[in-house]
2 protein chains.
Amino acid sequence: MAYRKTPAELRRLEAAREHLVACATSVVAEVGWAQASVTAVADAAGIAAGSVYQHFPSKTALAVEVFRRAAGREVEVLGEVLAAPGDPVERLSRGVQVFARRALENRGLAYALLAAPAEPAVGAERLDFRRRYRALFAAVVREGIKEGVLPEQNGEITAAALTGAVGEVLVDPLGHPGTTTTDALLAELTAMALRCAGAPAA
Amino acid sequence: MAYRKTPAELRRLEAAREHLVACATSVVAEVGWAQASVTAVADAAGIAAGSVYQHFPSKTALAVEVFRRAAGREVEVLGEVLAAPGDPVERLSRGVQVFARRALENRGLAYALLAAPAEPAVGAERLDFRRRYRALFAAVVREGIKEGVLPEQNGEITAAALTGAVGEVLVDPLGHPGTTTTDALLAELTAMALRCAGAPAA
DNA sequence: GGAAACTCTGAATGGTGATTCACTTCTTCC
DNA sequence: GGAAGAAGTGAATCACCATTCAGAGTTTCC
């Protein structure tokens, strides 16, 4: 009787699960949550629709996992940039750039994380994600205030504005002459962010 | 043979349609687009599900009408405030306050207009709505630059930041001690908006 | 009053997509 | 090799709504 899974088998199963999550992430980034049906995701992963349920109890559970992984990566990256030692204003500037650049480089995924229509469970994750983003920005703003390089203000609101602004720019790319290139857009965003936090003009 | 509808009958039909749109708006504001089924909306309006199709060819058409009406009102109100004569900085400040206050006073509707999951047709309307909001803000910012009361900047991005910031604050009310009252929140938002546009501190 | 044309009703229809399950295929262990 | 159990399959099932439609109720106009 075959009671125990061999280590190789366990690895294979784990790999299959990872592959499924990765493929699902791609599908979501390409077509959004609404269009990412179980069948579409299973097809992308090269398995049968029913097999998805070997790894996740429901489509919702898979969606939440996809969101958490992707969002977690973003929060981690931003956290590292913002928590680095050094001038808060400088860090804020870098943080906005990293946030925006990563979003622009993988626009589909960024849209899925920030704004795309999604089922309630994913929506709840999204709230948490935004909250964490804001907390990161807010911490730096508060530091800046304490060090006297930023004026008195509600850091949470400034942080909300920064996430909101980047999200807004992403969702509708502002086809404005003079802001067409990524670099120009990043420069404008950064300048706006610094003004928003009340940093003296560069 | 009854060929012509009497004026009273026409009025009654028109009123029924208006009532349907109004009830649908309430339902959407309360439970969001996703939960606003034809049955739920019809129940709210006190008619049968099938009767909805006397007034609109599809659920989508009704949803679009609901969105347009509500969004149109908001754009109009904001437009009046921002287009008033006077100091651009002052107008900007008032505009943000009006935008935010109205949103906070009818949070459900504001969320539906700005962010709630919705079908593609409504999503398209939303893009347009946001674009119009941004255009209004951007015009004032550009005026401020021209008059020399605001520093050189990309008005579109500042405008995007303002809409994004208010939306962000709305979606997740920042349960922060000291920012609990509407007035305090409005004051903080306004201050942030002025910094964001580069207006000198009040 | 009553025929014609309209509005309203709500149960039946139809389409979509998640989930299940009887079956096949693969692994483990004797 | 082969029995026992697990994983994989995909067609069938199920649930959920938007939409339709046959019949009931109203209004119009002679």
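Predicted model: local features only at pLDDT ≥ 70, side-chain atom pairs only at ≥ 80, totals over all residues.
Is F129(A) buried or exposed? F129(A) is buried, with a relative accessible area of 3%.

1. Let me start with the rings. The count over all chains comes to 10 aromatic pairs.

2. F99(B) and Y133(B) form an edge-to-face pair, 4.6 Å centre to centre and with 65° between the planes. Distant parts of the chain are again linked: F99(B) belongs to helix α5 (residues 88-105) of chain B and Y133(B) to helix α7 of chain B, 34 residues apart. With 4% relative accessibility F99(B) counts as buried, and Y133(B) is buried with a relative accessible area of 3%.

3. Ring pairs join W33(A), F67(A), F99(A), F129(A), Y133(A) and F137(A) into a cluster.

4. Now to the charged side chains. Over all chains the count is 26 salt bridges. One of them pairs R130(B) with E168(A), whose closest N and O atoms are 2.9 Å apart. R130(B) lies in helix α7 (residues 120-146) of chain B and E168(A) in helix α8 (residues 155-171) of chain A, so this pair joins two chains. Both R130(B) and E168(A) are buried.

5. R68(B) and E125(B) meet through their side chains at 2.8 Å, N to O. They link distant parts of the chain, with R68(B) in helix α4 (residues 59-83) of chain B and E125(B) in helix α7 of chain B, 57 residues apart. R68(B) is partly exposed, with a relative accessible area of 48%, whereas E125(B) is buried, at 17%. For R131(B) and D128(B), the closest N and O atoms are 3.8 Å apart. Both of these residues lie in helix α7 of chain B, 3 residues apart, about one turn of the helix. R131(B) counts as partly exposed at 37% relative accessibility, as does D128(B) at 33%.

6. Salt bridges also form a network in chain A, where R17(A), E18(A), E65(A) and R69(A) are linked.

7. Finally, the contact between the chains. It takes 32 residues from chain A and 32 residues from chain B. About 2800 Å² is buried between chain A and chain B, and carbon and sulfur atoms give 58% of that area. There are 4 salt bridges between the two chains; E168(B) with R130(A) is a salt bridge whose closest N and O atoms are 2.9 Å apart. The count of residue pairs in polar contact between the chains is 10. On the side of chain A that touches chain B, the elements giving two or more residues are α7 (120-147), α8 and α9 (182-197) of chain A. Of these, α8(A) gives the most, with 11 residues. The residues on this side of chain A divide into 16 nonpolar, 8 polar and 8 charged.

Note on methods: Residues numbered from 1 in each chain as written. Chains lettered and ligands numbered in written order. Heavy atoms only, no water. Helix = DSSP H or I, 4+ residues; strand = E, 2+ residues; numbered from the N terminus. Buried < 20%, exposed > 50% of the residue type's maximum accessible area, 1.4 Å probe, protein only. Contact = heavy atoms within 4.5 Å. Buried area = accessible area lost by both parts, 1.4 Å probe. Polar contact = N/O pair within 3.5 Å; in protein donor to acceptor, adjacent residues only side chain to side chain. Nonpolar A, V, L, I, M, F, W, Y, C, P; charged D, E, K, R; others polar. Phe/Tyr/Trp six-rings, centres within 6.5 Å; stacked < 30°, edge-to-face > 60°.
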